[in-house]
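Here is a colleague's note to read beside the model. Keep the viewer open and check each point as you go.

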There are 2 protein chains.
Amino acid sequence: MPATSSARRTDSRPGGRSARVRAAVHQAVRELLTDEAGELTIPVVATRAGVHATTVYRRWGSVGELLADVATSRFSGDIVVPDTGSLRGDLERYAYDLAKDLCDPDTLALVRATIGIGGEQGAAACRGERQRQLEAILEREQARGTQPPSLERTTDAVLAPLYYRAVFTNDPLTPDWTHSLVAHLLPD
Amino acid sequence: MPATSSARRTDSRPGGRSARVRAAVHQAVRELLTDEAGELTIPVVATRAGVHATTVYRRWGSVGELLADVATSRFSGDIVVPDTGSLRGDLERYAYDLAKDLCDPDTLALVRATIGIGGEQGAAACRGERQRQLEAILEREQARGTQPPSLERTTDAVLAPLYYRAVFTNDPLTPDWTHSLVAHLLPD
DNA sequence: CATACATCGCAGCGATCACTGCGTTAGCGA
DNA sequence: TCGCTAACGCAGTGATCGCTGCGATGTATG
């Protein structure tokens with residue numbers, strides 16, 4: 001059989017068997033997290049994903065590692081670093097995007113569960129690329145010739161309130177509020 | 001003295017049998033949380049506490065409710081609202097105390113686990129009285145005749161960074177850093 | 001086309017979990 | 001002091017979990 005237009009189904013590429021199983025398991029985890037009633041155990045996840053629990057046990061080992069994997073793939077590369085031309089514009093856009101992301105109950109449940117089970121490592125997976133994205137924004141401002149606030153200060157003023165309000169409270173993350181965070185960081 | 005026949009709480013005083021069991025179970029939960037290896041399940045907690053699992057099942061029902069109870073009693077009334085005479089002094093003292101509290105690995109593990117399992121309700125238990133204490137500090141300043149920052153603003157500037165850094169990062173909560181949080185909130 | 005390898009499904013195993021009647025004990029009120 | 005009631009200990013049950021050989025299936029390579 002000529003392999004011309006025939007689909008190249010390598011297992012490690014999107015569409016392969018292993019990738020399909022991984023995607024199904026990830027989606028099952030996210031669904032069970034939103035349900036809140038589900039116990040989020042390996043057999044339950046496997047059944048929901050349509051695969052056998054054996055597969056999940058062998059590929060991930062424990063619920064903690066599975067959650068960390070889901071969180072990592074969830075919080076990696078889905079927020080593009082904005083470039084609006086000014087630091088204020090970049091931060092406002094960044095804060096707005098992050099707020100919209102954290103508002104999703106699905107995402108929020110994933111963050112909480114990952115922190116609770118994964119501990120230190122899970123928390124790191126939840127921060128994901130946020131810190132690096134913030135750093136990139138500040139470095140870009142520095143390249144423009146202006147001295148931006150430090151990464152620590154920006155984290156305290158923007159990132160921390162967003163995560164705190166989302167994870168610990170019920171208050172909505174409104175655009176006005178995210179705007180005010182940047183306004184307090186950058187007076188003028 | 002109310003003459004209610006059914007509302008007689010025989011065992012609610014400190015030192016009673018019920019109180020001893022409660023204290024033992026709470027301590028077992030905290031110990032197992034620090035171990036991190038423990039599975040934090042009802043039978044394990046009960047064995048560690050020296051009581052029977054039946055008792056734990058009947059009094060708390062689930063690990064989530066048990067954790068919420070531990071968190072509530074842990075985060076209630078152990079930080080006295082300071083009164084240094086000035087808003088700045090009050091906030092600095094408050095931030096320092098809270099940072100010292102959140103630095104404890106035991107407390108941190110409790111916060112993470114409670115959030116992860118208890119969800120919205122667990123998160124509320126972890127905030128505990130912090131928000132009200134902050135509100136009390138601000139109200140006292142208002143009684144002094146000065147207009148303090150809003151509760152929302154103070155939460156974003158002080159409370160949120162403290163919780164975020166403790167829960168999501170490995171960075172230490174140094175006194176200098178907590179001091180800088182208040183300094184940024186209250187310029188002059 | 002044939003071989004080699006990785007991944008998955010299947011059945012089943014000890015262990016533990018969540019939960020439930022029933023008898024016993026501890027502590028308050030009279 | 002004595003009775004009453006809530007709380008606890010005990011033993012046991014069905015269900016589920018975590019995990020492990022073994023065979024089947026699909027995927028890449030020569």
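**Notes on the two-chain model**

1. Start with B:Arg140. At 23% relative accessibility, B:Arg140 counts as partly exposed. The scale is simple: buried means under 20% relative accessible area, exposed over 50%, and partly exposed in between (1.4 Å probe, protein chains only). B:Asp83 is exposed, with a relative accessible area of 52%. The two residues form a salt bridge, with the closest N and O atoms 3.4 Å apart. The pair links distant parts of chain B: B:Asp83 sits in the loop between H4 and helix H5 (87-103), B:Arg140 in helix H7 (residues 130-143), 57 residues apart. A salt bridge here is a side-chain nitrogen of Lys or Arg within 4 Å of a carboxyl oxygen of Asp or Glu.

2. A word on method. This is a predicted model, where local features need pLDDT of at least 70 and side-chain atom pairs count only at pLDDT 80 or more, while totals for chains, interfaces and linings use all residues. Residues are numbered from 1 along each chain as its sequence is written, chains are lettered from A and ligands numbered from 1 in the order in which they are written, and side-chain values use heavy atoms, leaving out hydrogens and water.

3. Now the fold of chain A. It has nine helices and zero strands. Helices (H or I, at least four residues) and strands (E, at least two) are DSSP runs, numbered from the N terminus. Of the 188 residues of chain A, 45% count as buried. Take the contacts in chain A with a separation of 6 or more: residues 24 or more positions apart account for 64% of them. Contact means heavy atoms within 4.5 Å.

4. Look at the salt bridges in chain A. Over all chains, the whole structure has 26 salt bridges. One joins A:Arg140 and A:Asp90 (3.1 Å, N to O). This pair also links distant parts: A:Arg140 is in helix H7 (residues 130-143), A:Asp90 in helix H5 (residues 87-103), 50 residues apart. Is A:Asp90 buried or exposed? A:Asp90 is buried, with a relative accessible area of 0%. A:Arg140 is partly exposed, at 24%. A network of salt bridges links A:Asp83, A:Asp90, A:Arg140, A:Glu141 and A:Arg144.

5. Next, A:Arg22 and A:Asp69. They form a salt bridge, with the closest N and O atoms 3.0 Å apart. A:Arg22 lies in helix H1 and A:Asp69 in helix H4 (residues 63-74), so the pair ties together parts of chain A that are 47 residues apart in sequence. A:Arg22 is partly exposed, at 31%.

6. A:Trp60 belongs to this neighbourhood. Its place is in helix H3 (residues 53-60) of chain A. A:Trp60 is buried, at 7% relative accessibility. Beyond four places in sequence, its contacts are A:Arg22, A:Val25, A:His26, A:Glu65, A:Leu66 and A:Asp69.

7. Turn to B:Asp69, in helix H4 (residues 63-74) of chain B. It counts as buried, at 18% relative accessibility. Its side chain makes a polar contact with the side chain of B:His26 (2.9 Å). A polar contact is a pair of N or O atoms within 3.5 Å; within protein, one must be able to donate a hydrogen and the other to accept it, and residues adjacent in sequence count only if both atoms are side-chain atoms.

8. Check the backbone at A:Leu40. It has a positive phi of about 50 degrees although it is not a glycine. Most residues other than glycine have a negative phi. A:Leu40 lies in the loop between helix H1 (17-35) and helix H2 (42-49) of chain A. A:Leu40 is buried, at 14%.

9. Finally, the interface. How many residues of chain A are in contact with chain B? There are 31, and they touch 31 residues of chain B. The area buried between the chains is about 2,600 Å², with carbon and sulfur atoms giving 59%. Buried area is the accessible area (1.4 Å probe) that two parts lose on being put together, summed over both. Four salt bridges cross the interface. One of them joins A:Arg165 and B:Glu152 (3.3 Å, N to O).
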